Amino acid sequence: MFSFLTKRSRSRKTREDGSQELDRERLPRHVAIIMDGNGRWARSRGLPRLAGHRAGVESLRDIVRACVDWGIGILTVYAFSTENWKRPHEEVEGLMNLLVEYLRRELAELRREGVQVRAIGRLEGLPRQAREELERARKETAANKRLILNLALNYGGRSELVDACRRIATLVARGELDPGEIDEEVINNFLYTAGLPDPDLLIRPSGEMRVSNFLLWQLAYTEFWVTDIYWPDFRREDLRRALLDYQQRERRFGGLKI
Ligand code: IPE
Ligand code: IPE
Ligand code: MG
């Protein structure tokens, strides 16, 4: 009897500072973040855009650690889109250098913390050094189980679908797959995220209300959480707020409330 009362009192637990305690049993399995607002953060301080990107790396470090501490299994972060090549050459180059620097500096700690590093996107389009560091990080962390950190690089939701279509069409042309066999599961298996559950929660800092070509297929039933905070200011307490909000959501997946 009264099990609903126990449940309610559990979800109302508060921490020492008065904020609410996370319900560890209702955490999202997969959190996705569009790491946006670095440029505006820098401009608001009279700094060059690259200083914003550099500061954004510190947010990523903090959020990865929080996910490890709280037991979130998968974190996918949008770091560079297929459209971001439109930016000035120096900014693109600066971002690629930051990626290499991040992987070199963080790899030992990521390994220690049980983080498995992966990358999704058209990785062949990245500069050689970035590809090499990603491959090294992937290999050296492949056995880790605590958190899958998926870096979306040269990633576009549309190009991901184009790539999947091409691979599926090749199988059909070779007579290895019947068009009638193509279903959602088959498509899932040809996406860069094959084998991973869809994100439960998408976080977009810096106030923009759009998906900007991120995980178009996978976000079908994802809960959105937007904040005005710029990514370089985003820290684990902001993630906690997002998770607390998420825990109040009622996910219906097109069905009815049970
Ligand atoms: C996100 O920050 C980082 C990348 C897109 C690589 P922005 O650089 O887009 O920052 P804003 O949107 O200009 O503030
Ligand atoms: C999305 O941010 C891409 C990344 C954060 C890597 P953008 O800044 O590129 O997106 P738009 O241009 O505002 O839609
Ligand atoms: Mg932006």
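**View 1. Arg-210 places a side-chain N or O atom 2.8 Å from an oxygen atom of ligand 2.** The model is predicted: local features require pLDDT of at least 70 and side-chain atom pairs pLDDT 80 or more, whereas totals for chains, interfaces and linings use all residues; side-chain values rest on heavy atoms, without hydrogens and water. Residues are numbered from 1 along each chain as its sequence is written, and chains are lettered from A and ligands numbered from 1 in the order in which they are written. Two further polar contacts (pairs of N or O atoms within 3.5 Å) reach oxygen atoms of ligand 2: one from the side chain of Ser-212 at 2.6 Å and one from the side chain of Asn-84 at 3.0 Å. The protein buries 78% of the 390 Å² that ligand 2 exposes when taken alone (Shrake-Rupley accessible area, 1.4 Å probe).

**View 2. Strand E2 is the main contributor to the shell of ligand 2, giving three residues.** The surrounding residues (a heavy atom within 4 Å) include Tyr-78, Ala-79 and Phe-80. Others among them are Ile-34, Met-35, Asp-36, Arg-87 and Arg-204. Strands here are DSSP runs (E, at least two residues) and helices likewise (H or I, at least four), numbered from the N terminus.

**View 3. Asp-36, Gly-39, Arg-40, Arg-49 and Arg-87 come nearest among the 13 residues around ligand 1.** Polar side-chain atoms of Arg-40 and Arg-87 each lie 2.7 Å from an oxygen atom of ligand 1. For Asp-36, the corresponding distance to an oxygen atom of ligand 1 is 2.9 Å. On its own, ligand 1 has 380 Å² of accessible area, of which the protein covers 87%.

View 4. Helix H2 gives the most, with three residues.

**View 5. An open sheet of six strands runs in the order E3-E4-E2-E1-E5-E6, with parallel pairing.** Strands count as paired if DSSP finds at least two bridges between them. Strand E3 (115-120) and strand E6 (223-226) are the edges, each pairing on one side only.

**View 6. Strand E2 (residues 74-81) runs parallel to strand E4 (residues 147-155), joined by seven bridges.** Within this pair, Phe-80 has Leu-153 of E4 as its bridge partner. Phe-80 also belongs to the surroundings of ligand 2.

Conventions
Polar contact = N/O pair within 3.5 Å; in protein donor to acceptor, adjacent residues only side chain to side chain.
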